[in-house]
Amino acid sequence: MNNVNFLKPNRKNLNLYLVIGGLFFTLGIVDFCLNNFYEKNITGFLPGFISFFTPLIFGLIGLHLIRIEFSGIKILDELNKNINTNNFNAALSVSIIILIIFGVAPLLNWFILDANFIGDSKEACTGGGACWVYIKVWFNRFIYGMYPNTEQWRVNATFIIVLGFMGLGYFFPLKYKKYLTFYYVIFLPIISFLLIYYLISGGEFGLEWVETGAWGGLSLTFIVSFFSLIFCFPIGMMLALGRRSDLAVVKYSSLSFIEFWRGVPLITVLFMSAVMFPMFLPDGTYVDKLIRVIIAITLFEAAYTAEVIRGGLQALPRGQYDAAKSLGMGYWKLHLLVILPQALKLVIPGIANTFLALVKDTPLIFVVGLLELVGMLNLAKTNPKWLGFSMEGYVFAGIIFWIICYSMSKYSQKLELKFKTDR
Amino acid sequence: MKFKKILPQFLTLLFIVLIFGFFTMNAQDNMDTRGIEFGFGFLKQEASFDIQFSLIDYDGSRSYARAYLVGLLNTLLVSIIGIILSTMLGVVIGVARLSPNYLINKTASFYVEFFRNVPLLLQIFFWYFAALRALPMPEDAPLIFGSSYMTIKGLYTIAPVWNNFDIFFVALIIALVVIYFFNKFAKKKQEEEGKQYPKFLISLGIFIILPALTFIVGGVDLSWSFPELKQLAKTSFTYEGGLGIPPELIALTLALTLYTATFIAENVRAGIQGIGKGQKEAAASIGLTPSQVLKLVIMPQALRIIIPPTTNQYLNLTKNSSLAAAIAYPDLVLVFAGTAMMQTGRAIEIVGITMATYLTISLSISAFMNWYNKRIAIQEK
């Protein structure tokens, strides 16, 4: 039992240090929990300032005591290496642990333990936590907007069919792979447009007509981002080629187009599509709000896509151009057969990021009065029967958007890694 | 061969001219039928609407041009605050993501992954309509740090009251000029004679001492005005005196900062990771101290990677601040493209001016960036 040096713990009295250190650490956490959740201050006899920091001090002492090099215990060594290399690091670790407890416990209460799940009216929400009943009741509105309840199968059917067509490209036999671009860039947009026109909008084949003003919710988010993506891609490609062209007029008109759209906020572009665009058309022509919005977002995103594609074009070595030219290829042949296939492969992650930004930008269409998910939340929030549940709504929308965007960004990172090793 | 070059250019030009011609003609027609005349004369008319938050003197009797200025200043205010805060947060988070400490590393990446993947508008709504609405009413608000009140109507805090502020301000500018020339001088000395001055300490000294002197000799005086609770009606309270920051500004700044900081953090991380280990080792092997290694070798190279994308984020932040319109913070878009346009009905002029303003900000910053990039680019032989 001799040689116990608390300033410099060592292997000799390993278990003693571990027990005392563990006790101190637990004491710190318990002190913190008691302070915050039970309003009991076990260190109240100390002056206020010190008593406030006791959890940190106890935790720090605890971590200091278990910082034993080459202890021979695998878990302990890993722990020390990762969160406990020196006193400063230990202090940070303890602070983070305390912060996590401080944040997670009330959140858990709000989300699950005190929350209400059962019922179908505001009265069912009695606990102090979240009222998920609200989400349950409004779920259809959040997904389909004001689309009539009985007709919602049409939206579902359209999405399933379009997804099916999209997935079909994956199973193309190798022989027809060269038509894949054609399939995605021309065939798929036409099919989806026809589906949306006849199935979601309706008005023919005995289907009830539903005006675009009634579309909304998450499905509208998907429709807007899907079409904007499909259209902005070819436009962006042309702009990128234009910007790198030798022809002065083509170059500078592409350049100013790109710089113009990149220099203004999307919200003013949407304002423009709402109030300025009708002024630019012959009197009496009416273009549907949704189409105007899709045009606006398409042009806006096309400028960003163009810059991404230009990055890919620039990354190709000059030799590719020279080699293709020496084979006697003209401008279009050179670009379509040699440059673009390589450049586009390089920029797929960048395009994915642009698409991510596009999805995150769609809530802005509330400016012109179209209500996708976030817009529907704001509408539901003002319903007199359901006042006071804005928090639940925003959290719900946040989770949905987070899942969409996070999975997409992870996928794009995966693609990035995959293409990196190729070169 | 020549024909091949001219034809596409001619077609492009024709296309542009046709489109613009078509739009202009229609616009002319439409304005004629509605009896509107194109022009910017309306800017001088009386605006006759109030703006609830303004940095300069403004009331309904001022002109539309003045209202435009108020909106522009409010946009710049929220952008500048956002830029400063998000840079500080972004750098901390970016460095934290490189920390060997598992907990810190993971917490930082959780923060980044969470906030960058939720739409900014949703975040603004969350802070404004959900989080800040949960704050107490003015009469129930507790005192924070002996100076401020966080209430549902905004943050009320102390405001500085200056006497002879202009003298202090001039002293501040003189101090900056002196520091600039001192640094130039010190650099020259070092290059010529190899003599090193403690640049940072002396600069800091000048920066503190010179303005501080004005308190003694210049008659500058600083006191603080505290917010005080005042009853407006039986159940309606507010604070008087001090500095009142509206909840719209707080929500907007919070959301913009938390969102943009994630991108800046990623830039900082990429920048620091982009510097090879060899650089550090080489610098250490020629006898530089760790702080010199960081200051003279690592940071100049890392900044070269970090600054361009970060300026892009600053631009994005400025453009994103236009989302203010959604929560009624009186920025350029809300005041000018919103209220002023509703009143005058001059869609083309007003949307045009608004876009031109943002475009000017963006283009001037990117012009500066191009210049800067050229300046710091590695001169390869």
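Guide: What follows goes through the chain contact, then the packing around it. The model is a predicted one.

The contact draws 44 residues from chain A and 47 residues from chain B. On the side of chain A that touches chain B, the elements giving two or more residues are α3 (74-83), α4 (87-113), α9 (248-263), α10, α14 (373-381) and α15 (390-422) of chain A. Of these, α15(A) supplies the largest share, 10 residues. By class, this side of chain A consists of 29 nonpolar, 11 polar and 4 charged residues.

Trp402(A) is a residue of helix α15 of chain A. Apart from neighbours within four places in sequence, Trp402(A) is in contact with Phe114(B), Asn117(B) and Val118(B). Trp402(A) has 18 C-beta neighbours inside 10 Å and therefore counts as partly exposed; the cut-off for buried is 20 or more. Within its own chain, Trp402(A) lies 211 residues along from Ile191(A), and the C-alpha atoms of the two are separated by 29 Å.

Helix α10 (residues 266-276) of chain A packs with helix α11 (residues 347-376) of chain B at an angle of about 165°, and their axes are 10 Å apart. The two helices are therefore roughly antiparallel to each other, since angles over 145 degrees fall in that class. The crossing of α10(A) past α11(B) is left-handed. From α10(A), the residues that take part are Thr268(A), Phe271(A), Met272(A), Val275(A) and Met276(A); they meet Ala347(B), Ile348(B), Val351(B), Thr354(B), Met355(B) and Tyr358(B) of α11(B). This contact has 9 nonpolar residues and 2 polar ones, with no charged residues.

The largest nonpolar core has 135 residues, and the members that touch the most others are Leu270(A), Ile124(B) and Leu252(B). Helix α11 (residues 289-315) of chain A gives the largest share of this core, 13 residues. A second, separate core has 9 residues, among them Leu63(A), Leu65(A), Ala90(A) and Val94(A). As for Ile124(B), not counting residues up to four places away in sequence, its contacts are Ala251(B), Leu252(B), Ala255(B), Leu323(B), Ala326(B) and Ile327(B).

Ala328(B) belongs to the loop between α9 (290-320) and α10 (332-344) of chain B. Its phi is near 65°, a positive value in a residue other than glycine. Most residues other than glycine have a negative phi. Ala328(B) has 14 C-beta neighbours inside 10 Å, so it counts as partly exposed.

Helix α9(B) also packs within its own chain, against helix α2 (residues 64-97) of chain B, at an angle of about 140° and with the axes 9 Å apart. That angle makes α2(B) oblique to α9(B). Here the crossing is right-handed. Ser79(B), Gly82(B), Ile83(B) and Ser86(B) of α2(B) meet Tyr314(B), Leu317(B) and Thr318(B) of α9(B). By class, the contact of α2(B) with α9(B) comprises 3 nonpolar and 4 polar residues, and no charged ones.

Note on methods. Residues numbered from 1 in each chain as written. Chains lettered and ligands numbered in written order. Predicted model: local features only at pLDDT ≥ 70, side-chain atom pairs only at ≥ 80, totals over all residues. Axes fitted to C-alpha atoms, helices over the stretch in contact; angles between N-to-C directions. Helix = DSSP H or I, 4+ residues; strand = E, 2+ residues; numbered from the N terminus. Parallel < 35°, antiparallel > 145°, perpendicular 65-115°, else oblique. Left-handed = near helix turned anticlockwise from the far one by under 90°. Contact = placed C-beta atoms within 7 Å. Nonpolar A, V, L, I, M, F, W, Y, C, P; charged D, E, K, R; others polar. Buried ≥ 20, exposed ≤ 12 C-beta atoms within 10 Å, placed from the backbone. Core = buried A, V, L, I, M, F, W, Y, C linked by C-beta atoms within 7 Å.
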